[in-house]
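Hi,

Here's the structure I promised to pass on. Have a look first, then read my notes below.

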Amino acid sequence: MNIVLFIIVLGVLIFVHELGHFLVAKKCGMRVDEFGLGFPPRVFGKKIGETIYSLNWIPFGGFVKIFGENPPDNSEQASLVVEENRSFGKKNRGLQTAVLVAGVFFNVIFAWFLVSVSFVSGFPAPVDYYQGVSAANPQLILTQVLANSPAGGAGLQAGDAIISVIAGANSLANLNADSFADFMNQNEGKEISIGYERGKEKGEVKVKPVAGVVAGRAAIGVGVDLIGTVKLPFFRAFWESAKTTGSLLVAITKGLGEFFYKAFTFQADFSEVAGPIGIAGLVGAAARFGFANLLGFVAFISLNLAVINLLPLPALDGGRLLFVAIETIRRRPLNPKIVNYLNGIGFALLLILMLFITYKDIVKLF
């Protein structure tokens with residue numbers, strides 16, 4: 001079920017991205033030969049007007065084939081002469097840039113829309129996060145579970161709702177972040193029974209707080225916060241979602257920059273990166289915590305796709321933008337064979353990276 005949901009989510013995000021390229025290319029007077037979801041071989045294709053709309057076997061991607069974006073083959077030479085004014089390569093650099101940026105722009109706008117809907121429908125947030133807006137049904141939620149910690153070893157997971165904390169004859173009546181941390185510290189080395197709720201399931205684990213997990217106190221290795229459901233009125237939701245989208249973009253960009261820095265200095269931990277299988281599990285987990293939570297996570301993925309696509313690597317929108325910038329400076333086109341060669345290498349490297357990360361995802365399952 002997680003895989004099916006992931007493919008649906010990915011398909012929607014790819015459709016939004018490619019729709020941006022498609023609509024702006026049409027608006028700029030370019031001929032679009034194909035709008036495809038997935039990568040060939042083709043499963044289904046139907047030509048409407050001058051454009052083929054296709055569904056392809058490999059679901060992890062999509063494309064818009066714009067006339068003249070790549071060097072024409074022999075079958076396109078005659079068409080190029082007749083419709084040269086509708087070719088991507090013959091348009092000015094400003095229009096080319098607009099088409100290339102459009103996919104990323106649509107992903108950002110779509111994320112903004114999803115976060116807005118999440119805010120209006122009711123989303124999980126700390127009870128004191130928004131002034132003047134009360135959070136309904138507050139629960140103590142695990143926001144983080146450290147690896148190799150007592151909590152992690154006991155099977156607790158981020159997102160679990162704590163419903164009871166008992167140590168012998170003592171129980172924690174007032175569940176909040178501060179009281180939880182104090183209770184763990186006061187019961188160092190003692191067995192504590194923690195009741196939790198995970199989606200519709202309930203469970204109980206036994207843990208012992210130990211020193212060294214958190215500086216200066218005994219702990220079980222979790223982050224907690226009192227979180228409830230917050231609903232914002234439409235106009236405030238629209239504004240808050242804009243701020244949230246901007247903050248996420250900055251955070252994602254910084255995080256990606258740090259990862260590539262560590263990768264080039266051989267310090268990167270690829271276990272922290274999720275591939276298709278890992279993301280499928282995360283999508284499923286988000287769905288279990290409610291519709292608003294799922295929308296927020298899909299928005300997060302959409303913003304990640306936007307930032308990744310702007311990387312100046314061949315085969316990505318950022319790489320094509322780099323080529324346009326170089327051509328603008330040189331005031332003449334780059335050698336088409338070199339451009340195709342670099343795009344082919346870029347695509348192959350991205351495919352290898354995806355396969356490697358997918359392999360790491362599979363290893364984590366066992």
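To start with: is R331 buried or exposed? R331 is exposed, with a relative accessible area of 77% (exposed means over 50%, buried under 20% and partly exposed in between, using a 1.4 Å probe and protein chains only).

Before the rest, some housekeeping. This is a predicted model, where local features need pLDDT of at least 70, side-chain atom pairs count only at pLDDT 80 or more, and totals for chains, interfaces and linings use all residues. Residues are numbered from 1 along each chain as its sequence is written, and side-chain values use heavy atoms, with hydrogens and water left out.

Now the backbone. Most residues other than glycine have a negative phi, and most peptide bonds are trans. R331 has a positive phi, near 65 degrees, and lies in the loop between helix 9 and helix 10 (336-364). Helices (H or I, at least four residues) and strands (E, at least two) are DSSP runs, numbered from the N terminus. A315 also has a positive phi, near 85 degrees; its loop runs between helix 8 (291-309) and helix 9 (317-330), and at 29% relative accessibility A315 is partly exposed. A cis peptide bond, with omega about 15 degrees, joins P40 and P41, and P41 is in strand 1 (residues 32-48).

Then there's helix 5 (residues 177-186), where S179, F180, F183 and M184 are buried. They sit on the same side of helix 5, because they cover an arc of only 135 degrees around the axis (taken from the directions from the helix axis to the C-beta atoms). Exposed D178 and Q186 are on the face turned away from that buried side.

Cheers
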